Amino acid sequence: MATVERLVQRISSTRSFARFAPHVVPSLDRAVHRLTGGKVLLSTRLLPSCLLTSTGAKSGLPRRAPLACMPLKGEDGTVGAWVLVGSNFGRPGHPAWSANLLKHPDAVISWKGQDVPVGARLLKGAEREAMWAAVVRFWPPYARYQERVEREIRLFRLERR
(Lines give C-alpha, C1' and ligand atoms only; values in the text may rest on other atoms or scores of the structure.)
Protein backbone atom coordinates (compact mmCIF):
# COMPACT_ATOMS: atom_id res chain seq x y z
CA MET A 1 0.00 0.00 0.00
CA ALA A 2 2.85 2.40 0.74
CA THR A 3 4.04 2.11 -2.87
CA VAL A 4 0.57 3.02 -4.18
CA GLU A 5 0.35 5.94 -1.77
CA ARG A 6 3.75 7.27 -2.88
CA LEU A 7 2.69 6.98 -6.52
CA VAL A 8 -0.54 8.88 -5.83
CA GLN A 9 1.41 11.55 -3.92
CA ARG A 10 3.85 11.91 -6.81
CA ILE A 11 1.07 12.24 -9.38
CA SER A 12 -0.98 14.65 -7.26
CA SER A 13 2.08 16.91 -6.89
CA THR A 14 2.34 17.56 -10.64
CA ARG A 15 1.19 20.65 -12.47
CA SER A 16 -0.78 18.44 -14.89
CA PHE A 17 -2.82 17.07 -11.99
CA ALA A 18 -3.44 20.65 -10.78
CA ARG A 19 -4.80 21.54 -14.24
CA PHE A 20 -7.33 18.73 -14.60
CA ALA A 21 -8.18 17.61 -11.05
CA PRO A 22 -10.19 20.70 -10.00
CA HIS A 23 -12.53 20.11 -12.95
CA VAL A 24 -12.99 16.37 -12.43
CA VAL A 25 -12.48 15.34 -8.79
CA PRO A 26 -15.03 17.63 -7.07
CA SER A 27 -17.77 16.83 -9.61
CA LEU A 28 -17.24 13.10 -9.22
CA ASP A 29 -17.15 13.40 -5.44
CA ARG A 30 -20.41 15.39 -5.31
CA ALA A 31 -22.16 12.91 -7.65
CA VAL A 32 -21.06 9.83 -5.69
CA HIS A 33 -21.92 11.52 -2.38
CA ARG A 34 -25.42 12.32 -3.66
CA LEU A 35 -25.96 8.81 -5.10
CA THR A 36 -24.89 7.09 -1.86
CA GLY A 37 -27.00 9.27 0.40
CA GLY A 38 -23.95 10.99 1.85
CA LYS A 39 -22.11 7.83 2.81
CA VAL A 40 -19.29 7.82 0.22
CA LEU A 41 -16.79 10.29 -1.21
CA LEU A 42 -14.41 8.89 -3.83
CA SER A 43 -11.54 11.00 -2.55
CA THR A 44 -11.63 9.11 0.77
CA ARG A 45 -9.79 6.34 -1.06
CA LEU A 46 -6.76 8.66 -0.98
CA LEU A 47 -7.27 10.88 2.04
CA PRO A 48 -9.86 11.45 4.73
CA SER A 49 -12.48 13.70 3.14
CA CYS A 50 -15.59 15.63 3.98
CA LEU A 51 -18.23 17.54 2.09
CA LEU A 52 -18.25 21.14 3.29
CA THR A 53 -21.48 23.10 3.05
CA SER A 54 -20.78 26.77 3.63
CA THR A 55 -22.55 30.03 2.86
CA GLY A 56 -21.30 31.82 -0.24
CA ALA A 57 -19.32 34.95 0.64
CA LYS A 58 -20.89 36.95 -2.20
CA SER A 59 -24.11 35.10 -3.01
CA GLY A 60 -25.22 34.10 0.49
CA LEU A 61 -26.33 30.77 -1.01
CA PRO A 62 -25.30 27.31 0.24
CA ARG A 63 -22.11 26.08 -1.44
CA ARG A 64 -20.90 22.47 -1.33
CA ALA A 65 -17.28 21.49 -1.76
CA PRO A 66 -15.79 18.01 -1.34
CA LEU A 67 -12.45 18.47 0.42
CA ALA A 68 -9.61 16.44 1.80
CA CYS A 69 -9.32 17.04 5.52
CA MET A 70 -7.07 16.10 8.39
CA PRO A 71 -9.15 14.77 11.29
CA LEU A 72 -7.95 15.69 14.79
CA LYS A 73 -8.72 13.33 17.64
CA GLY A 74 -9.45 14.51 21.15
CA GLU A 75 -8.20 12.96 24.38
CA ASP A 76 -11.04 10.43 24.25
CA GLY A 77 -9.89 9.22 20.81
CA THR A 78 -12.87 10.55 18.86
CA VAL A 79 -12.62 13.05 16.04
CA GLY A 80 -13.69 16.41 17.36
CA ALA A 81 -12.02 18.77 14.91
CA TRP A 82 -10.72 18.87 11.36
CA VAL A 83 -8.15 20.87 9.42
CA LEU A 84 -8.97 22.03 5.91
CA VAL A 85 -6.12 23.05 3.62
CA GLY A 86 -6.82 25.76 1.05
CA SER A 87 -4.25 24.43 -1.39
CA ASN A 88 -6.47 24.75 -4.46
CA PHE A 89 -4.36 21.93 -5.97
CA GLY A 90 -1.33 24.27 -5.99
CA ARG A 91 -2.99 26.84 -8.24
CA PRO A 92 -2.49 30.60 -7.74
CA GLY A 93 -5.73 31.80 -6.12
CA HIS A 94 -7.33 30.85 -2.83
CA PRO A 95 -10.22 28.41 -3.25
CA ALA A 96 -13.71 29.97 -3.10
CA TRP A 97 -14.71 27.87 -0.10
CA SER A 98 -11.98 29.55 1.96
CA ALA A 99 -13.47 33.02 1.29
CA ASN A 100 -16.84 31.62 2.29
CA LEU A 101 -15.47 30.44 5.66
CA LEU A 102 -13.75 33.78 6.28
CA LYS A 103 -17.06 35.62 5.88
CA HIS A 104 -19.38 32.93 7.30
CA PRO A 105 -17.44 30.66 9.69
CA ASP A 106 -20.47 28.57 10.69
CA ALA A 107 -20.78 25.62 8.31
CA VAL A 108 -21.70 21.94 8.12
CA ILE A 109 -19.55 19.03 7.05
CA SER A 110 -20.68 15.61 6.00
CA TRP A 111 -18.25 13.31 7.80
CA LYS A 112 -18.63 9.56 7.30
CA GLY A 113 -22.30 9.94 6.45
CA GLN A 114 -23.14 12.26 9.37
CA ASP A 115 -23.87 15.99 9.09
CA VAL A 116 -21.77 17.83 11.66
CA PRO A 117 -22.29 21.55 12.39
CA VAL A 118 -18.87 23.22 12.68
CA GLY A 119 -17.29 26.57 13.32
CA ALA A 120 -14.25 27.48 11.21
CA ARG A 121 -11.23 29.45 12.32
CA LEU A 122 -8.36 30.60 10.09
CA LEU A 123 -5.06 29.56 11.66
CA LYS A 124 -2.35 32.21 11.93
CA GLY A 125 1.14 32.70 13.30
CA ALA A 126 2.78 29.99 15.40
CA GLU A 127 -0.42 27.94 15.54
CA ARG A 128 -0.54 27.87 11.73
CA GLU A 129 3.15 26.98 11.45
CA ALA A 130 2.79 24.04 13.83
CA MET A 131 -0.29 22.81 12.00
CA TRP A 132 1.38 23.29 8.60
CA ALA A 133 4.18 20.94 9.69
CA ALA A 134 1.56 18.35 10.74
CA VAL A 135 -0.35 18.77 7.47
CA VAL A 136 2.79 18.23 5.37
CA ARG A 137 3.61 15.08 7.35
CA PHE A 138 0.03 13.94 6.79
CA TRP A 139 0.10 14.58 2.99
CA PRO A 140 3.55 15.59 1.62
CA PRO A 141 2.24 16.99 -1.73
CA TYR A 142 1.00 20.05 0.17
CA ALA A 143 4.63 21.19 0.41
CA ARG A 144 4.93 21.12 -3.41
CA TYR A 145 1.70 23.06 -3.72
CA GLN A 146 3.08 25.78 -1.42
CA GLU A 147 6.32 25.94 -3.45
CA ARG A 148 4.32 26.66 -6.62
CA VAL A 149 2.31 29.58 -5.28
CA GLU A 150 3.24 32.98 -3.88
CA ARG A 151 0.28 33.13 -1.49
CA GLU A 152 0.32 31.49 1.92
CA ILE A 153 -1.98 28.48 1.77
CA ARG A 154 -4.83 28.98 4.20
CA LEU A 155 -5.44 26.46 6.99
CA PHE A 156 -8.76 26.31 8.79
CA ARG A 157 -9.55 24.46 11.97
CA LEU A 158 -13.14 23.25 12.11
CA GLU A 159 -14.62 22.40 15.49
CA ARG A 160 -17.99 20.92 16.31
CA ARG A 161 -20.60 23.49 17.30
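This is a walk through the fold, from the chain as a whole to single residues.

The model is a predicted one. The protein chain holds five helices and six strands. Along the sequence the elements follow the pattern α-α-β-β-β-α-β-β-α-α-β. Of its 161 residues, 43% count as buried. Among contacts with a separation of 6 or more, 63% come from residues 24 or more positions apart. The accessible surface comes to about 9100 Å². Carbon and sulfur atoms own 56% of that surface.

Start with the strands. The six close into a barrel. Their order around it is β1-β2-β3-β6-β5-β4, with antiparallel pairing. From one strand to the next, the twist averages 40 degrees.

Strands of a sheet pair through backbone hydrogen bonds, either parallel or antiparallel. Strand β3 covers residues 79–86, and strand β6 covers residues 154–160. These two run antiparallel and share six bridges. Within the pair, valine 83 has arginine 157 of β6 as its bridge partner. Next come β5 and β6, which are antiparallel and joined by five bridges. Here leucine 122 stands opposite phenylalanine 156 in β6. Finally, β4 and β5 pair in the antiparallel sense over six bridges. Serine 110 faces aspartate 115 of β5 across that pairing, standing opposite it.

β4 and β5 form a hairpin with two residues between the strands. Lysine 112 is found in that loop between β4 and β5. Most residues other than glycine have a negative phi. Lysine 112 has a relative accessible area of 66%, so it is exposed.

Asparagine 88 is another residue with a positive phi. Its value is about 55 degrees, although it is not a glycine. Asparagine 88 sits in the loop between β3 and α3. Is asparagine 88 buried or exposed? It is buried, because its relative accessible area is 16% and the cut-off for burial is under 20%.

Serine 87 lies in that loop between β3 and α3 too. At 8% relative accessibility, serine 87 counts as buried. Beyond its neighbours within four places in sequence, serine 87 is in contact with Tyr142, Tyr145, Arg151 and Ile153.

Helix α4, residues 125–138, lies across β2, β3, β5 and β6. It runs at about 90 degrees to β2. The 14 residues of α4 should span 20 Å at 1.5 Å a residue, and the end C-alpha atoms are 20 Å apart, so the two values agree. The buried residues of α4 are Arg128, Met131, Trp132, Ala134 and Val135. An α-helix has 3.6 residues a turn, so residues three or four places apart point the same way. The buried residues of α4 pack against β2, β3, β6 and helix α5, which covers 141–148.

A pair of aromatic rings is described by the distance of the centres and the angle of the planes. With centres within 6.5 Å as the limit, the count comes to three aromatic pairs. One of the pairs joins tryptophan 82 and tryptophan 111. Their ring centres are 5.7 Å apart and their planes stand at 70 degrees, so the pair is edge-to-face. Tryptophan 82 lies in strand β3 and tryptophan 111 in strand β4, so the pair ties together parts that are 29 residues apart in sequence. Both tryptophan 82 and tryptophan 111 are buried.

Glycine 80 gives a last stop, in strand β3. Glycine 80 and valine 118 are 38 residues apart in sequence, yet their C-alpha atoms are 9.7 Å apart in space.

Definitions and conventions
Residues numbered from 1 in each chain as written. Predicted model: local features only at pLDDT ≥ 70, side-chain atom pairs only at ≥ 80, totals over all residues. Heavy atoms only, no water. Pairing = 2+ DSSP bridges. Helix = DSSP H or I, 4+ residues; strand = E, 2+ residues; numbered from the N terminus. Axes fitted to C-alpha atoms, helices over the stretch in contact; angles between N-to-C directions. Contact = heavy atoms within 4.5 Å. Expected span 1.5 Å × (residues − 1). Buried < 20%, exposed > 50% of the residue type's maximum accessible area, 1.4 Å probe, protein only. Phe/Tyr/Trp six-rings, centres within 6.5 Å; stacked < 30°, edge-to-face > 60°. Areas by Shrake-Rupley, 256 points an atom, 1.4 Å probe, with all protein chains shown as cover.
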